[in-house]
Amino acid sequence: MESCDSALRTLAFPRNLASARAAMQRLEELRVAAHTLPALERHRGDDSGLEGTTSRHCFDLGLASWLVARFPHDAEVDWSASGAAEAAAELARPSVTRLEEEGFDSDTLTMHRWILRARGHAWPSDLAWLLDALADTGDSLPRRAAAWEAAALPIKWQLRQSGVLNAHIRGTRPRVRQHLRPPPHDTARFVASAPPPSQRPRRLTLREAVEIIDLARATLAARCREVHALSYANPHELWWSDLGAGTALAVIGVIPAMRLPLEGNYAFVLFANGVPVGYGGVSPLAAQANTGLNIFPAFRGTEASALWARTLRCFHALFGVRRFIVNPFQVGEGNPEALASGAFWFYHRLGFRPVDAMTRGLAERLAASPRRAASRETQRLATADLALRLPGWHKRDAFDERWLATLSLQASSRIAREGHVDRHEAVGHIVRRLRRQLQLPAAAPKSEAASALQDLAPLADALLALDDRASVRQALRGWIRAKAAPQERAAVTAIRTLLPLLRRLATSSPASDPPA
């Protein structure tokens, strides 16, 4: 793996064309050699992402479906893993007919053997059959995704023709340079500035987007990693930005059915000479965004800081956000990798500061110590959000993350007020009322427009109860339409008009809970 990392690092940041060509040759040699290793040695490399090995992980529904579609004979249920039989039984049960129940629940066959009998020869794998069985329930994609995640099915993926050895954009012409770029002197001002015309984000064609999404998914899945927005990637919304010196950024939206109700949701992948060097997610909401970066180990110590500043500038250009927030997990809370890599100080050097006063004071004290990385107190730094504020930021633009839960509870109260025993019927009543109030046209059942309205109706109804002026109705109408659009970017800006009303609803006294 060390030799692979070295070759990938050289290919991503070559000092000359000769070293880039040598790196490509070395990667091809490693790829060929991986298939000649004895089985025991290949097994030792499992979960490394090397071609010829196996990656094992409980992939979510979106990524599992992609693996089966893209590698139908290489992805399978990991029956040797603990809990595999129980998870498979949980997913298969809804498709079992009455006549099959006795055999399904008996000890006559193991779950593996039962699925082999049930699927026959029509499916290439047990995994493919389980995915189809879940789809046959008729549930919405979010409900199926939740059931799949709850089951936590172990999956193994044999990397016969994929993995980190050939994970790069084909046909990329290497850019060589003698020096790596340093981070900007003033990150906040740099991020707030407009990128050069050649670096402005642009949408890729559908064909280009599918190629980048496939590469990004394979890169992360081979390393047993995933990002929600990438698992449910929207090929109709992939923004590409040239970051200069052979580096680039792909910002990938999520399909409408899996969008978050309030926040935007995007994955991103960083490339250097076509090689994926890092990834993460960004969730813009009004004028702020939650985000975080993970640089693959092979590329740490290169120009991650410079790339991250340019990534944030792209987010600012795309979504107009003026405050970036990094949650504690990204810097070490429950995340040993981030703690070991010194993630807190990576963000700190770029101007991110803890929002909590006590944590901020501790960071200032440790920053002055030459042994800060070795101090046990560094773990205490991973307990508060970090924030980077751009020029023009004002506290009135803030959206407290706790309001997401508060607004969700307000929506529950709104549904309960309808007085229907059947909650789906209650939501349907709200939808019909809202359609009249907002003068929304009828939408086909299960269409993106119908789903967006149903998802947002209880909250929109609660906002109208506070203020039903024509301007509010117009803002709600635009927001709901934007949430169903092929690209979600418009919804990020549409919700800003509603921010004062959302804040008012989130901070109002909730209705008293009913007696226990």
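Reader: Which residues form one aromatic cluster?

Author: Keep in mind that this is a predicted model. The cluster consists of F268, W308, F315, F346, Y347 and F352.

Reader: What makes the pair of F104 and W114 edge-to-face?

Author: Their ring centres are 4.9 Å apart, inside the 6.5 Å limit for a pair.

Reader: Why is W114 called buried?

Author: Its relative accessibility is 8%, and buried means under 20%, so W114 qualifies. W114 also forms an edge-to-face pair with W129, at 6.0 Å centre to centre and 75 degrees between the planes.

Reader: How do you know that the span of helix α21 agrees with its number of residues?

Author: At 1.5 Å a residue, its 14 residues should span 20 Å, and the end C-alpha atoms are 20 Å apart, so the two agree.

Reader: And why does K483 in that helix count as buried?

Author: K483 has 6% relative accessibility, which is under the 20% cut-off, so buried is the word. The side chain of K483 reaches the backbone oxygen of E263 at 3.1 Å.

Reader: What makes R489 sit over the ring of W239?

Author: The charged end of R489 is 4.8 Å from the ring centre of W239, and the distance limit is 6 Å.

Notes
Residues are numbered from 1 along each chain as its sequence is written. This is a predicted model: local features need pLDDT of at least 70, side-chain atom pairs count only at pLDDT 80 or more; totals for chains, interfaces and linings use all residues. Side-chain values use heavy atoms; hydrogens and water are left out. Helices (H or I, at least four residues) and strands (E, at least two) are DSSP runs, numbered from the N terminus. The expected span of a helix is 1.5 Å times one less than its number of residues. Buried means under 20% relative accessible area, exposed over 50%, partly exposed in between (1.4 Å probe, protein chains only). A polar contact is a pair of N or O atoms within 3.5 Å; within protein, one must be able to donate a hydrogen and the other to accept it, and residues adjacent in sequence count only if both atoms are side-chain atoms. Rings of Phe, Tyr and Trp (its six-membered ring) pair if their centres lie within 6.5 Å; planes under 30 degrees apart count as stacked, over 60 as edge-to-face and the rest as tilted. A charge sits over a ring if NZ of Lys or CZ of Arg is within 6 Å of the ring centre and within 35 degrees of the ring normal.
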